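Please look over the sequence and the structure shown here before reading on. The report is meant for a reader who has not seen them before.

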Amino acid sequence: MTAHTDPATPAARRWAALDTAAGGLALDLGLYATATAFAAITAATSTLPPHRAWGAIATIGYALATLAATTQILARHRTPGAPLAGLPARWTVTAFTWATTALLPIVTQSVQRAGGRADRAQEEVIVVEHAGARLAEHGTPYLGPDAIAALPPGEQLLGYTPYQPGMALFGLPRAAVDAWWTDARVWFAVATVLALAALVTTLRATAAPASPRRAAALLRAVQAATVLPVGALTLATGGDDLPVLTLCLLALALAAAGRPGRAGLAVGAAGALKLFAWPVAVVLICWAATRRAGSRTALGALGLPVLALLPVLLVDSDALVENVLRFPLGHGLVTSPAQSPFPGHLIAETVPAGRAVAAALLVVVGLTIAVRLLRRPPRTAAATALICGYGLLAAILLMPSTRFGYLLYPIALLVTAPALALAESRHGPGIPGNLRAGTGRKAYT
């Protein structure tokens with residue numbers, strides 16, 4: 001993932017060769033073809049009805065994208081420099097693919113759900129919509145432990161809202177009107193589109209010299225957040241992670257553009273939705289401290305989540321603690337069903353005192369990252385993205401209860417790092433040479 005700034009390492013050279021083969025179209029073709037197979041397998045074998053419904057539509061969208069990428073490669077082979085094989089055409093295919101594999105399934109499943117199909121939404125959608133209704137009626141999106149205990153055993157899991165208070169805002173439309181367009185996924189998608197548009201605009205507007213390589217890196221970053229099957233599937237069936245992820249990516253883009261205050265606001269908005277954004281906020285504050293802007297970034301990064309927490313804390317503090325702390329840590333009335341077979345889960349299930357062992361490993365990883373941040377804080381947005389990406393990857397792999405879909409966070413962060421590095425690069429007097437394209441790994445330190 002550091003290929004754009006450090007072509008000297010073998011791994012970087014391999015990534016550069018893969019990423020640029022056939023003008024980037026070879027990797028596009030591989031992505032779409034693999035995604036077609038993934039969607040088809042999901043449609044045929046998934047035990048989750050929303051996933052099967054997604055796969056049935058997404059298979060067609062990915063297959064058409066595969067056909068388009070194949071046509072582009074043939075056009076490039078026949079006529080080098082053909083517009084059909086150029087970067088604008090690749091952007092068009094990416095947009096079409098996302099529309100057919102994420103946005104169209106959202107609309108389809110939302111309409112079917114409004115028509116009476118109860119199996120057209122994952123639990124996250126229902127939980128967020130219930131949270132919105134409670135927020136509108138009681139001033140807090142959370143049920144207290146007594147209220148959850150009073151629910152029938154089969155409904156207690158849905159009584160939990162393991163998100164930050166801001167997530168309930170996506171459930172407010174359904175609390176006001178019962179229609180397909182008030183489905184929480186529709187508003188997750190709206191927030192995601194807005195954040196992605198701001199991300200692309202920000203990185204294109206940076207002072208770094210425009211170049212085909214920089215534009216291609218930006219496209220690859222957008223693909224990681226949109227057309228990867230794990231992202232498209234997540235948005236179409238559950239959706240709550242995509243606004244959080246894209247706001248984090250926007251924060252890093254604003255950091256690359258030299259806007260630490262706005263970066264803090266963006267990651268703070270993400271932190272007001274979900275705890276996953278908080279580690280990104282901490283690393284981003286460390287980056288800002290190297291520019292003497294730590295306080296300005298922290299004001300938004302920490303202030304917005306605190307502002308979101310205060311009202312519900314005053315309404316019912318015990319309900320907040322039960323939902324946001326006890327349940328995610330495995331101490332709620334019911335246990336989270338998130339159990340992907342990652343190392344942390346396998347350790348917790350098979351090793352004596354496995355949960356304690358997995359927790360200890362998480363602490364070791366956290367302390368290692370903390371020491372790294374204190375001794376050598378990141379000085380670029382690209383380095384910040386890499387630390388966040390690898391840190392979240394380690395945490396996801398080691399958590400006893402986690403989901404396969406959470407891998408979207410580290411993947412998108414790591415793939416976005418080259419685009420951030422190229423947006424930060426400068427040419428000319430007074431600019432360190434190691435920040436110029438292709439001149440050394442210190443661009444990421």
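## Confidence of the model

This is a predicted model. The protein chain has a mean pLDDT of 87, and 91% of its residues reach 70 or more.

One is residues 1-7, for which the model has 31 contacts beyond four places in sequence. The other is residues 427-445, with 46 contacts beyond four places in sequence. Where pLDDT is low, the predicted coordinates should not be read in detail.

## N323 in helix 15

Helix 15 spans residues 317-326 and includes N323. The relative accessible area of N323 is 0%, so this residue counts as buried, the cut-off being under 20%. A polar atom of the N323 side chain lies 2.7 Å from the backbone oxygen of A319.

Leaving aside residues up to four places away in sequence, N323 touches Y142, L143, I148, G159, Y160, T161, P162 and P328. One of these, Y160, also takes part in an aromatic pair, described next.

## Aromatic pairs

The structure holds six aromatic pairs. In one of them, the ring centres of Y160 and F327 are 4.4 Å apart and the planes stand at 15°, so the pair is stacked. The pair links distant parts of the chain, 167 residues apart. Y160 is in the loop between helix 6 (145-149) and helix 7 (172-176), while F327 is in the loop between helix 15 and helix 16 (343-350). Y160 is buried, at 0% relative accessible area, and F327 also counts as buried, at 7%.

Another pair is formed by F276 and Y406. Their ring centres are 4.8 Å apart and their planes are at 55°, so this pair is tilted. F276 belongs to the loop between helix 12 (260-271) and helix 13 (277-289), and Y406 to the loop between helix 18 (381-398) and helix 19 (408-424), so the pair ties together parts that are 130 residues apart in sequence. F276 is buried, with a relative accessible area of 14%. Y406 counts as buried at 14% relative accessibility.

## A cluster and a charge over a ring

Three aromatic residues, F38, W54 and Y62, form one cluster.

Which residue lies over the face of W91? It is R204, at 5.3 Å from the ring centre.

Technical notes: Residues numbered from 1 in each chain as written. Predicted model: local features only at pLDDT ≥ 70, side-chain atom pairs only at ≥ 80, totals over all residues. Heavy atoms only, no water. pLDDT = per-residue confidence, 0-100. Contact = heavy atoms within 4.5 Å. Helix = DSSP H or I, 4+ residues; strand = E, 2+ residues; numbered from the N terminus. Buried < 20%, exposed > 50% of the residue type's maximum accessible area, 1.4 Å probe, protein only. Polar contact = N/O pair within 3.5 Å; in protein donor to acceptor, adjacent residues only side chain to side chain. Phe/Tyr/Trp six-rings, centres within 6.5 Å; stacked < 30°, edge-to-face > 60°. Lys NZ or Arg CZ within 6 Å of the ring centre and 35° of its normal.
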